Amino acid sequence: MDVNGIGVPYNTSARFIDEKVNRGLGEKTAIYYRSQQVTYRDLQMSVNKTGNALKGLGVEPENRILLVCHDSPEFISSFYGAIKIGAVPIPVNTMMKPKDYEYYLNKSRAKALIIHEDVWEQIKIFRSNYLYLQHVIVISEDRQKLFVKEFSFWALTQQANEQLETCCTCEDDAAFWLFSSGSTGEAKGVIHLHHDMEYSLDTYARQVLKITKDDICFSASKLFFAYGLGGGMFFPLGAGASTVLLSERPLPEKVFEMIETFKPTIFFGVPTLYGSMMDYAERSGKAFNLSSLRICTSAGEALPESFSRRWKDMYNLDILDGIGSTEALHIYISNRIGDIKPGTSGKVVPGYEAKIVDEEGHEVPPDTVGDLVIKGDSLTPGYWNLHELNKMRIKGEWFFTGDKYSRDEEGYFKYCGRADDMLKIGGIWVSPIEVENCLVEHPAVLEIAVVGEEKDDGLTLLKAFIVLKNGYDASGELTEQLKALAKSKLAKYKYPRVIEYLDELPKTSSGKIQRFRLRV
């Protein structure tokens, strides 16, 4: 029933954490992290302490809190602790540059920042640029360490109360944001509601993955990505299962080690990782034991057919390739157990609808390429502060994904590329404009266009076409300078792996670069 006009009470933190303890799972391991085993009761206490610590600093319902946290119990405690008091956590990538965090903080108008110390050390010099930020809470490996101008996460939570009253929110309240990059290169604040995680859990996780409380999940994709947030956090917690967290980079040898050590049953990866894991296993000559896994999933970019067949041959494991988005929170089209068609994204996940439409919005016949539009209750109600984009992407109940797809007579969807110039490298969106704006700063560069080049294995890498200024000559040394420039100013996955020099770039009569003519 409606309470005082605010809607039916619903808080996703109480739903995903407190209810598990109330149902007798308090002593069950919720999180495996390094040498720690965090039970559901431990997690509940940490969530409550974090929420009370935030309240003690004056954080109120609907205040936004930026989370720059490595995958760790502190990430999960901060996320659900904020939600339990009605605040809005916003997890963001820990691999960005200082200017990116300035943008996230100012765009979101975050009142508080919870951040791991190694990242804070890189950006604290710019604190005066953060216009709305009032409180910085630092998570340090040294739990006794105190800070002069910031708060210690451990000092704040240690003295906080273990009991926390749940804020009276409803399922249609904003619960959290995620940032997603767009065609302009600027990140977009994607708003998600309290019921979105449960909807995604009840559709993809329960009906496709068949998740139960006996599962142990391990996501190589980080928690600040929508894909990782589901696989590594709210799917296992929602099902009363367990999650394995890896704070470091998911290098192939480390991922193999984690699987052999913690014996997860469900693994969430991306195509580039599967490829590098197989290459590492073959180069090293090592035989890895993946027998604990009952299923693997893939998202972020299309999984090459060769990868799924090779993985099956090596480990007798299926990979369920699918497509999701930050806007939908997780996967809405997927292959499934016993129903896999390599080279496709599979079929629509129960609970969602999808169709392929032409430019006028009419559904197209089978095996015809068009725009993928979807419908489902985990979809964002909109982007923060982007009125025109909301009108363009959300039309009634339908969301225009920006992906080009076709669907065959049997209902399998096949990815055909992006509708715009955005590229996915290693499962992460990259804006060509951002890379171009970086490299054009080099004194030798006159003009530049960045596109994606598909490799033999079906994955995409960044390729830059460059026109040099007079007086400069193409050389291996210049190529390495340009790559180093990109690495110094951008996140490491955004530098172009290939650079080709041209006398001129193809353009329209109005002077616009025709990138499609540069693509192989």
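Q: Which residues of α1 are buried?
A: In this predicted model, the buried residues of α1 are Thr12, Ser13, Ala14, Phe16, Ile17, Asp18, Lys20, Val21 and Leu25.

Q: What do the buried residues of α1 pack against?
A: Four helices: α2 (40-56), α3 (73-84), α7 (196-208) and α8 (226-239).

Q: Where does α1 bend, and by how much?
A: The bend in α1, which covers residues 12-25, is at aspartate 18 and amounts to about 35 degrees. Asp18 is also among the buried residues of this helix.

Q: What caps the N-terminal end of α1?
A: Asparagine 11 does. One of its side-chain oxygens lies 2.9 Å from the backbone nitrogen of serine 13. Ser13 itself is among the buried residues of α1.

Q: Back to α7. At what angle do the axes of α1 and α7 cross?
A: Roughly 55 degrees, and the two axes come within 8 Å. That angle makes α1 oblique to α7.

Q: Which residues meet there, α1 to α7?
A: From α1, Thr12, Arg15 and Phe16; from α7, Met197, Glu198 and Leu201.

Q: How do the residues of that contact divide into nonpolar, polar and charged?
A: The contact of α1 with α7 has 3 nonpolar, 1 polar and 2 charged residues.

Q: Leu201 is in contact with phenylalanine 235 too. Which helix is phenylalanine 235 in?
A: Phenylalanine 235 is in α8, one of the helices that the buried residues of α1 pack against.

Q: Phenylalanine 235: buried or exposed?
A: Buried, with a relative accessible area of 0%.

Q: What else is phenylalanine 235 in contact with, leaving aside neighbours within four places in sequence?
A: Besides Leu201, phenylalanine 235 contacts Ser200, Tyr204, Ala205, Leu209, Ile211, Gly230, Phe268 and His330. As for glutamine 36, that residue is 199 residues away in sequence, with a C-alpha to C-alpha separation of 20 Å from phenylalanine 235.

Q: Switching to α3. Is serine 78 buried or exposed?
A: Serine 78, in helix α3, counts as buried because its relative accessibility is 0%, below the 20% cut-off.

Q: What does serine 78 touch, not counting residues up to four places away in sequence?
A: Thr50, Leu67, Ile114 and Phe153. The C-alpha of phenylalanine 262, which is 184 residues apart from serine 78 along the chain, is 24 Å from that of serine 78.

Q: New topic, phi. Which residue with a positive phi follows α4?
A: Arginine 109, with phi near 60 degrees. In α4 itself, residues 98-108, the buried set is Asp100, Tyr101, Tyr104, Leu105, Asn106 and Ser108.

Q: And what is phi of asparagine 316 near?
A: Phi of asparagine 316 is near 55 degrees, which is positive although the residue is not a glycine. Most residues other than glycine have a negative phi. Asparagine 316 sits in the loop between α11 (305-315) and β14 (319-324), and it is exposed, with a relative accessible area of 57%.

Q: Leucine 329: what is its phi, and is it buried or exposed?
A: Phi is about 80 degrees, again a positive value in a residue that is not a glycine. Leucine 329 is buried, at 0% relative accessible area, in the loop between β14 and β15 (331-334).

Q: On to polar contacts. What does the side chain of lysine 341 join?
A: The side chain of aspartate 408, through a polar contact of 2.7 Å. Lysine 341 lies in the loop between β15 and β16 (347-348).

Q: What about glutamate 434: which side chain does its own make a polar contact with?
A: That of lysine 494, at 2.9 Å. Glutamate 434 is in helix α13, residues 432-439.

Q: Why does glutamate 434 count as buried?
A: Because its relative accessible area is 16%, and buried means under 20%.

Q: Which residues is glutamate 434 in contact with, beyond four places in sequence?
A: Lys99, Asp100, Leu490 and Lys494. Asp100 is one of the buried residues of α4.

Terms used. Residues numbered from 1 in each chain as written. Predicted model: local features only at pLDDT ≥ 70, side-chain atom pairs only at ≥ 80, totals over all residues. Heavy atoms only, no water. Bend = angle between axes of the 7 residues up to and from the residue. Helix = DSSP H or I, 4+ residues; strand = E, 2+ residues; numbered from the N terminus. Buried < 20%, exposed > 50% of the residue type's maximum accessible area, 1.4 Å probe, protein only. Contact = heavy atoms within 4.5 Å. Polar contact = N/O pair within 3.5 Å; in protein donor to acceptor, adjacent residues only side chain to side chain. Axes fitted to C-alpha atoms, helices over the stretch in contact; angles between N-to-C directions. Parallel < 35°, antiparallel > 145°, perpendicular 65-115°, else oblique. Nonpolar A, V, L, I, M, F, W, Y, C, P; charged D, E, K, R; others polar.
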